[in-house]
Every structure is written in C-alpha cells, then in structure tokens.
Amino acid sequence: MKIASFNINGIKARAGALTDWLDEAQPDVVLLQEIKSVDENFPRELFEERGYNVETHGQKSFNGVAILSKLPLEDVTRGLPGDDDDDHARWIEATVMGEHTAIRVCGLYLPNGNPAPGPKYDYKLAWMERLKARAEALMAAEEPALMAGDYNVIPQDEDAKRPEAWAEDALALPQTRAAFRRVVNLGFTEAFRARVQGPGHYTFWDYQAGAWNRDDGIRIDHFLLTPQAADLMTDCQIDKDIRGREKPSDHVPIWVNLDA
C-alpha cells in the first residue's frame, strides 16, 4: 500500500500538476493539504475517474485537507478533537482497508504559527498539544496507524539548507521542536529518518528568491507511524523532482510503502 502526503497549495491552481503526478506515481492513498476549497467545489470527478474514493474537509480560500483512496475508506472523521471553537479545516482521518491489514490514516495541516511570539504561535502550540492527545489515543489502540502531512516543523538543523535563516521562525523555534519530539517520543517512527539519514533532504522550497534553483529547502512534511505501522514499512521517499515542473506547489509529495 503506497500512501502519500502532498501539500498542493490550492486545488484550482494545482489540479493539472496533481493529476499528472497521480498518473505517474500511482499511490493507493493520498493525504492532501491546503486544498483551499469548500467541499462542494472540490473537483471530485478528476479523482473519481482515476479510481479514487474522495473525502474532503474543506474551507473557503484557506487550509483544507482531503483523502484520496483507491481502497475502501471507513469511519471518516473530520477535525482534531480538543477544541470545539476551532473552525480551521486542518485534520481528517479514516481507516483504509488494505488487502491484509486495516490502516488508520490521519491527514494533517499543522498551523504555521508565524509571527512568533503572538496569538498565531499560541494557536500552533495549543494545536500541537491536541495532536499529542490524539497521538496518545492512537498509540493506546495498538493498531497500525499513521499521522502524515505538512507539520510546519523543521525537526532539526540538518532539515534546512540554511538553518540560521529559520532560527527565529515558528517552524524551528525550540518550543516547536520540543512539542514535535513529545509526539514522536510517544513511540512513533518518523518514517523518512528511519530510512534516510543526513542533510540535504527537503520537501518545501519557497517561491521567492530562487530557492528551488539553489536547493534552499526545508523538510517539514512528515510521516509518523505507530509501531504496528512501522513494522509494515518497506520504504519512504520524497518525490523531489515534482518541484521543478510546470506550475508546481511549493511542497513535494512524500510517501511510504506499507506491506498491508
């Protein structure tokens, strides 16, 4: 089962780039972030004609997450528990019925948090506390599960081409990294780092200042796997070359293969 995560930065602007990649990469499941569309305007038919079941949690102009799956989806839920007043569309989860195993997949778009300090950063840290609570519940279930998406977290300096440029940014502040570690340390496997070590691996390049041409990137899109899911993992890679294509997102897909 090939499961991908992709922040597409707007479904209207990126529909062509997304469908081209789907046709080429053939993922079984895709967790999308920043669809920037209300549910009724999401172009479901583009994906349904490719054999995908489509579940969305949309919002006008901002945020928005979705699941595309060639496999049956069950028990779809929307919204991260813990704050009934939070109206941001940043979380969607479902159970994917694999050939051998059911996998609980959680797609997330974690708040950016800038400018920090400030209310947006407070919201980010509070959201990460709620994420930790949901992560604890997933661990307690002792079943194959994963949380994947745009975490807006640079876990350590080697995950940025120029770490000094991000030192005061909400994505790399010590409090952000500590909150991320608290989730990982519950027993999750950070899939990419379990497979690939060292610097120079990124999932995001800004549109400004020729960042892509200089490979001035950061790694902020992550897969966290429960032990039961980690036992099924056979690979995890970043589809870097997508960033150099026509009308790209500023993110690229990251994916895992699970023997499920």
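T77 stands opposite E93 in strand β6. Keep in mind that this is a predicted model. β6 covers residues 91-97, and four bridges join it to β5. The two strands run antiparallel.

Now zoom out from that pair. β5 and β6 sit in an open sheet of six strands. Read the order as β5-β6-β7-β8-β10-β9. Pairing is mixed. In general, strands of a sheet pair through backbone hydrogen bonds, either parallel or antiparallel.

Take α3, residues 119-141. Helix α3 packs on the sheet and touches β6, β7 and β8. Here β7 is 102-109 and β8 is 145-150. The direction of α3 makes about 180° with that of β7. Then there is α4, residues 174-184. Helix α4 also packs on the sheet, touching β8, β9 and β10, with β10 at 221-225. The angle between the directions of α4 and β10 is about 30°.

How far are neighbouring strands turned against each other on average?

β1 is residues 2-7, and β12 is residues 254-258. They pair in the antiparallel sense over four bridges. I3 stands opposite V256 in β12.

Last topic: the cores. How many residues are in the largest nonpolar core? It has 53. The residues with the most contacts inside it are L32, L146 and L258. Helix α1, residues 11-25, gives the largest share of this core, five residues.

Leave out residues up to four places away in sequence, and L32 touches F6, I8, L18, F42, G64, V65, A66 and L68. There is also a second, separate core, of 21 residues. W91, L110, A135 and M139 are among them.

So much for the tour. Questions, please.

Methods: Residues numbered from 1 in each chain as written. Predicted model: local features only at pLDDT ≥ 70, side-chain atom pairs only at ≥ 80, totals over all residues. Heavy atoms only, no water. Core = buried A, V, L, I, M, F, W, Y, C linked by side-chain atoms within 4.5 Å. Buried < 20%, exposed > 50% of the residue type's maximum accessible area, 1.4 Å probe, protein only. Contact = heavy atoms within 4.5 Å. Pairing = 2+ DSSP bridges. Axes fitted to C-alpha atoms, helices over the stretch in contact; angles between N-to-C directions.
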